[in-house]
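Subject: Handover of a structure model

Dear colleague,

Please find below the structure that I am handing over to you. My notes on what was found in it follow directly after.

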Amino acid sequence: MLRRPFQTPMAGAVSSVATVAASASASASASASTSATASASALPRSPSPFSRAHRAVVETIPSTPIRVIRTVDAFRRWRKPHTINHRTVGFVPTMGAMHDGHLALIRAAARENHHVVVSIYVNPAQFGVKEDLTSYPVTWDADTTALARLDRELAEDGVNLGRVSAVFAPTTSDMYPSGFPGQEVDSKGSFVNITPVGDVLEGRTRPTFFRGVATVCMKLFNIVQPDRVYFGQKDVQQTVVIRRMVEDLMLPTDVVICPTQRDPDGLALSSRNVYLGTRRRKLAVVLNTALRAAEAAYGAGQLDRAAILGAAHDVCETVLRAQRDMSPDRRALFEIDYISLADPDTLQEVDAVDASRGAVISGAIKMLPLEAAQPGEDVGHAGGPAVRLIDNIILKPAAVEHGSLGGYA
């Protein structure tokens, strides 16, 4: 079946293309210079590998050896020889809009694998009907520039086993060959649901989110066939969902979780931070500050849920009161979705931390649009819509020494 020719998703996306072909005149010259005998001319001829029908087109990121692969079939052709040659492949799935957190995952993958594959695909299935799919930042040029720069860094660093070998950038028609099933809760289609861990916290507020994440990751894992996949700790519930999926569905890949990357003030890096603008960005650190207060309460010996979560809520309420006292053209407001104290394996809420197991303290807030912008103020990408921010801290198990809580293990 013939495929429609690929159309570059953005006008500014420029890729270098290497073609292997011989001109018609060269073919004619070669044909004239080799006279066939009568018996040989009777034999069927194999198509010339240099004929127009067999022209091979290889797309790369400009000035790099990094392949850009657009279709599932093409990727599988690229992947097969690495399996035969026992070369390991590390995989970093992304939706683009790359930041230092993504690059840290790629560095980790390059240290441990012969080849690193990065996917860039904005998966519509993990966006709710009223979420920011249409305004989600699409930054192909900036992403490929960052990957080219990182690849040069990896080449110069002798500690790496491999480098970035390929970018997989499929279309939705390739990823959903039976047609995209939709974003509604009751959409019908081939989905992967990981429950009950996908139903709590983020799943309660965004009921189709983890269905979309698990489904697209299962598809990507089947396509890429990675030896290892790399995720950041910032999306803690996602890491638990993916680990559960890999274990329960017996996928032959290792899930590697890397530390959350943060700005100097503690804000977790996220592609959605571009929505914040200057004023809301200054306030966005409130979530991390609140979780740190909860962590400090646990470190001081508190195990009770009310005491630990109370410390986090006190921080949020103090900041909100101060903002409400300001004029609309100076303040930034937010709403708390949840602050959670949960079991580290199931993410079910706990009444008290089991000191031998630790816990996960996590939260989500919605930064509301500015009520009144000042002249010339940077309100953020796409006009500064509401921004959902998430973060978490792992409360480590406490060492038990002589019947009392000691330092963290």
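In this predicted model, three strands form an open sheet in the order β9-β10-β11, and their pairing is antiparallel. The edges of the sheet are β9 (334-342) and β11 (387-395), each of which pairs on one side only. From one strand to the next, the twist averages 10 degrees. Strands of a sheet pair through backbone hydrogen bonds, in either a parallel or an antiparallel manner. Here, β9 and β10 (residues 359-367) are joined in the antiparallel sense over eight bridges.

Helix α12 (residues 305-324) lies across β9 and β10, and runs at about 165 degrees to β9.

The contacts of one residue may also be of use to you. Leu 283 belongs to helix α10 (residues 277-283). Is Leu 283 buried or exposed? Its relative accessibility is 11%, and because the limit for a buried residue is under 20%, Leu 283 counts as buried. Leaving aside residues up to four places away in sequence, Leu 283 touches Val 319, Gln 323, Ala 332, Phe 334 and Met 367. Leu 283 and Arg 331 are 48 residues apart in sequence, while their C-alpha atoms are 9.2 Å apart in space.

I turn next to cavities. A search of the whole structure finds one cavity of 30 Å³ or more. The largest cavity has a volume of about 40 Å³. Its lining consists of Leu 267, Ala 268, Ala 284, Leu 287, Asn 288, Leu 389, Ile 390 and Asp 391. Both α11 and β11 supply at least two residues of this lining, and β11 gives the most, with three residues.

With regard to cysteines, how many disulfides are counted in the model? The count comes to zero disulfides, the criterion being a pair of cysteine sulfur atoms within 2.5 Å. Two cysteines may be of interest for their accessibility. Cys 258 has a relative accessibility of 12% and therefore counts as buried. For Cys 316 the relative accessibility is 0%, so Cys 316 also counts as buried.

The peptide bond from Thr 195 to Pro 196 is cis, with omega near 0 degrees. Pro 196 is found in the loop between α6 (172-175) and α7 (202-205). Met 250 is not a glycine, yet has a positive phi of about 55 degrees. The loop that holds Met 250 runs between α9 (236-248) and β8 (254-258). Met 250 counts as exposed because its relative accessibility is 72%, and the limit for an exposed residue is over 50%. Ala 382, which is likewise not a glycine, has a positive phi of about 60 degrees. Ala 382 is located in the loop between β10 and β11.

With kind regards

Technical notes
Residues are numbered from 1 along each chain as its sequence is written. This is a predicted model: local features need pLDDT of at least 70, side-chain atom pairs count only at pLDDT 80 or more; totals for chains, interfaces and linings use all residues. Side-chain values use heavy atoms; hydrogens and water are left out. Two strands pair if DSSP finds at least two bridges between them. Helices (H or I, at least four residues) and strands (E, at least two) are DSSP runs, numbered from the N terminus. Axes are lines fitted to C-alpha atoms, for helices over the stretch in contact, and angles run from 0 to 180 degrees between N-to-C directions. Contact means heavy atoms within 4.5 Å. Buried means under 20% relative accessible area, exposed over 50%, partly exposed in between (1.4 Å probe, protein chains only). On a 1 Å grid over the protein atoms alone, a cavity is a set of points where a 1.4 Å probe fits but cannot get out, and a pocket is an open set with protein on both sides within 12 Å along at least five of seven lines; lining residues have an atom within 4 Å of a point. Grid points are joined across faces, edges and corners, and a volume is the space filled by probe spheres set on the points.
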